[in-house]
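Dear colleague,

Please find below the structure I am handing over to you. My notes on selected local features follow it.

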Amino acid sequence: MTAYTARAHTNIALLKYWGKADAQLILPTTTSISLTLNEFYTDTTVEFDAQLLHDQIILNGRVLKAHERKKIEHFLDLVRQLAGIKTYARMVSINHVPTAAGLASSASAFAALAGAASAAAHLSLDPRDLSRLARQGSGSASRSIFGGFVQWNRGTDSNSSVAHALQDPVTWPIQLITVIVSDQPKAVDSRSGMQNARANSPYYQTWVQHTNAGVPTMQAAIANHDLDTLGRLAEQNALEMHAQNMVANPPFNYLTDTSWGLIKMVQNLREQGLSVYATMDAGPNVKIISQPQDTATIMTQLQQTFPDLKTQIATPGPGIQIWEEV
């Protein structure tokens, strides 16, 4: 069969997904809203080859061993089942984003895999179908099928739990400055973390209610190009999410002293009149929501306060791109 390549970009949730209502189908407890980012992405090529005796998985130049391939092989099984084939696949994937460091590498990875594998299996899936498929690899991957601002409806079953674009392209001035506190794999992976928080935080259901109640406000902020409302809600939602982790039993924490220092720096800049807000996913890295016109001021403050930290300015990015390899 022909090889196909897909490029999918990471997304950063403004209203978070942090917990499953159905672990098998990967149905979330909350409706989430995200922004797809142009600068971080995954390229994945898939070819089904009748000569292979097992799936061959190459990630960032390294052939994965049997125990490392299980999650990807399970996903490829879903594609094979949809296509009615049994042929093994060769997958070559390159992450242009640190893996497992809270920068949504799994979102771009499984969205790209969904696009490349379904095309290589000659499945004709529209974006909503691709979103449903990607969700079964990683929940947040459902959002990386689309560009710009994206909403993933929590739904009640596999058919209704699907993402769609809220605004793409994004034509108003918004950016995220990612401050990389660490690009190393996390001690607690996202799947384990959200499971612990959902099961063992006494305030988890309150967070779920707050998040779902915030959806109309976030939608209106995006529609009205209202950075301050969007930023305030995103920062509050992120802090509330991380609070669930710290009061779970056993407690755990992704944020470091440096992370908290960055959050305080952002709040100080806001007190000085800048429209600047912080959000954090499951990792120590802090994303600063801001306007391009304030970049110089923010970067100067970062250089003065945290001179050793690397930064990456990210802008709204496109949806998935798929092409045939010639």
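Ile 26 is buried, at a relative accessible area of 4% (buried means under 20% relative accessible area, exposed over 50%, and partly exposed in between, with a 1.4 Å probe and protein chains only). This is a predicted model, in which local features need pLDDT of at least 70 and side-chain atom pairs count only at pLDDT 80 or more, while totals for chains, interfaces and linings use all residues. Residues are numbered from 1 along each chain as its sequence is written, and side-chain values use heavy atoms, with hydrogens and water left out.

Backbone. Ile 26 has a positive phi, near 55 degrees, although the residue is not glycine. Ile 26 lies in the loop between β2 (20-22) and β3 (27-28); strands are DSSP runs of E with at least two residues, and helices are runs of H or I with at least four, numbered from the N terminus. Asn 60, another non-glycine residue with positive phi, has a value near 50 degrees. Asn 60 belongs to the loop between β5 (56-59) and β6 (62-63) and is partly exposed, with a relative accessible area of 42%.

Cis peptide bonds. Asp 168 and Pro 169 are joined by a cis peptide bond with omega of about 5 degrees, and Pro 169 sits in the loop between β9 (163-167) and β10 (175-180). A cis peptide bond also links Asn 249 and Pro 250, with omega of about 10 degrees; the loop between α7 (227-246) and α8 holds Pro 250.

Helix α8. Trp 260 is located in helix α8 (residues 257-271) and counts as partly exposed, at 35% relative accessibility.

With kind regards
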